[in-house]
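Reader: Hey, can you walk me through this one? I'd like to start with a helix and then look at some charged pairs.

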Amino acid sequence: MKTNLKIIIKCFFFFIIIFFYIFLKFIRININKTLKVCLCTIGKKENLYASEFVNHYKKIGYDKIFIYDNNDIGDEKFKDVLNKQISNNFVKIINYRGYRGKRQSPQFEAFINCYEKNKNKYDWLSFFDFDEFLELKKHKNIKKYLNDKRFKKCSNVKINWLTFSDNNLVYYENIPVQKRFITPNYNFYRNRLIKSTVRGNLKFNYWRGMKNPHSSNNNLTACNSIGKIIDPKKHYSSPFCYEFSYLKHYPTKTIEEYCNKAKRGRSDILVKLNKKTLKKYFKYFFKLNKKTKAKIDYFNKCFNFTIS
C-alpha cells in the first residue's frame, strides 16, 4: 500500500512539473508574440541601400520602420524603392525633406519626434542609421534578444559597432553591402562607439538635449549588448562586446561612395566642405582602409583637391 502511494505521489509531482514547464513555455512564446519593436532612422540619398536595410530588419523580427526622409526637395524619394514595404505597412515615411533642424540637428529632432509619437505603441525602439546592420549571434530574432532576462532591468541596450573596411574596392557595384564588404576591422578605434535600443513608455524623452546619437543626457539604466550595467551617459562601451550582438557598420564603403556621402552632407551636424574638413575626411578614410594610388586619385579628382 505504501509503495503504491509513493508511486502515486511521484507521478503527481511529475505531472505538476510537466504542467509548469509547458505553462512557462507557453507564457514565453506569447511574450515573444506580443512584444513590439520598431526602428527609427533618418536618411539622405540612401536609395541605393534602402531595400537591403529594410529587408534585413524585417528578417530579424522588427514590426515597423519609421524613415525620416531628409533628402533635398528635388532629390530622390524613398517611395521609389520602398513602395512594396510602404504598401505592406512595414515602412512609414515621415517628411523631413529639405529640413535643417531648429533647436537641434535633423537627426536628433527626428529621434525625439519618433520616440514621442511611438513610445506608447512599442515596447522597444531602436535608433540606427542606414549603414548599420544589427547582427544577432545567439538569438533568432530581435524579440527573443530583448526578452532575454539579462535586459530585464535595462531601459537602454547599447550595442557596439563592428566596422568593415572597403575590401580594397574603388567603385560602387550593384551588390548588397553585406556581400561586398566582408572584412571587419576588429581593432578599429571607433568600434567602441554604440547605438541605442530604448525601452518604450518612458516618462521623458531619451534624446532631448543630447550632443550626439551615441550618448544620453539622463540616468536611465543602460546595459551593454550582454546585459551588463554600464554608464548611461557614455557614448561608448569598451572593451568591445560582440558575444550576443553587434552593429555591422559600413561608414565608408568604396572611395566613390564615400565621396558622394561627403558631398551630400550629414543629418546629425552641419558640415561645410572646405580644406580642413576634406583633410579630416581623407584621414578618416585611410585609417580604416588601405591607401592606394587609385583611391587617392579618385578623392582628389572628386573634390578638385590635392592631398596625399
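Author: At 1.5 Å a residue, the 13 residues of helix H4 (residues 106–118) should span 18 Å, and its end C-alpha atoms are 18 Å apart, which agrees. The expected span is 1.5 Å times one less than the number of residues. Helices (H or I, at least four residues) and strands (E, at least two) are DSSP runs, numbered from the N terminus. This is a predicted model, where local features need pLDDT of at least 70, side-chain atom pairs count only at pLDDT 80 or more, and totals for chains, interfaces and linings use all residues. Residues are numbered from 1 along each chain as its sequence is written, and side-chain values use heavy atoms, leaving out hydrogens and water.

Reader: How many residues of H4 are buried?

Author: 10 of the 13, so H4 is largely enclosed by the rest of the structure. Buried means under 20% relative accessible area, exposed over 50%, partly exposed in between (1.4 Å probe, protein chains only). Phe108 and Tyr115 are among the buried ones.

Reader: New topic: how many salt bridges are there?

Author: The structure holds 15. A salt bridge is a side-chain nitrogen of Lys or Arg within 4 Å of a carboxyl oxygen of Asp or Glu.

Reader: What does arginine 97 pair with?

Author: Aspartate 69, with the closest N and O atoms 2.8 Å apart. Arginine 97 sits in the loop between strand S3 (91–95) and H4, while aspartate 69 is in strand S2, 28 residues apart.

Reader: Is arginine 97 buried or exposed?

Author: Arginine 97 counts as buried, at 15% relative accessibility. Aspartate 69 is buried too, at 4%.
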